[in-house]
Amino acid sequence: MIGMDSTVHRFENARIAMYLGDHPPPHVHLTGPGFKALIEIDSLKVLGSVDAKTLTEAKASINDHRATLMEIWKLRGTKR
């Protein structure tokens with residue numbers, strides 16, 4: 001089972017994580033040195049600022065694993 005602060009993908013100086021009981025809409029947190037962003041799973045809408053290369057890689061990962069991320073979101077007991 002995934003813990004409270006769970007990295008679901010890690011790549012060069014960044015990670016994508018999901019948090020237990022997080023607020024809607026379904027999203028992931030992209031963090032790295034000097035940046036933080038939220039990315040909605042369905043729309044890939046970004047709230048925050050991140051360099052283009054990292055954002056492209058993060059969006060590709062989210063897109064490739066969208067169904068799995070949504071299942072994790074449902075299991076996490078998110079706030080309604």
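Residues are numbered from 1 along each chain as its sequence is written, and side-chain values use heavy atoms, with hydrogens and water left out. Because the model is predicted, local features need pLDDT of at least 70 and side-chain atom pairs count only at pLDDT 80 or more, whereas totals for chains, interfaces and linings use all residues.

Helices (H or I, at least four residues) and strands (E, at least two) are DSSP runs numbered from the N terminus, and two strands are taken to pair if DSSP finds at least two bridges between them. Strand β3 (residues 27–32) runs antiparallel to β2, to which three bridges join it, with R15 having T31 as its bridge partner in β3. Strand β3 also pairs with β4 (residues 35–40) in the antiparallel sense over six bridges, and here the partner of H29 is L38. The two strands β3 and β4 form a hairpin with two residues between them, and G34 in the turn has a positive phi of about 85°. Five of the six residues of β3 are buried (under 20% relative accessible area, with exposed over 50% and partly exposed in between; 1.4 Å probe, protein chains only), so this strand is largely enclosed by the rest of the structure.

Two salt bridges are counted, each defined as a side-chain nitrogen of Lys or Arg within 4 Å of a carboxyl oxygen of Asp or Glu. In one, K53 and E12 meet at 3.3 Å, N to O; this pair links distant parts of the chain, 41 residues apart, with K53 in helix α1 (residues 52–64) and E12 in the loop between β1 and β2. K53 is exposed at 54%, and E12 is exposed at 56%.
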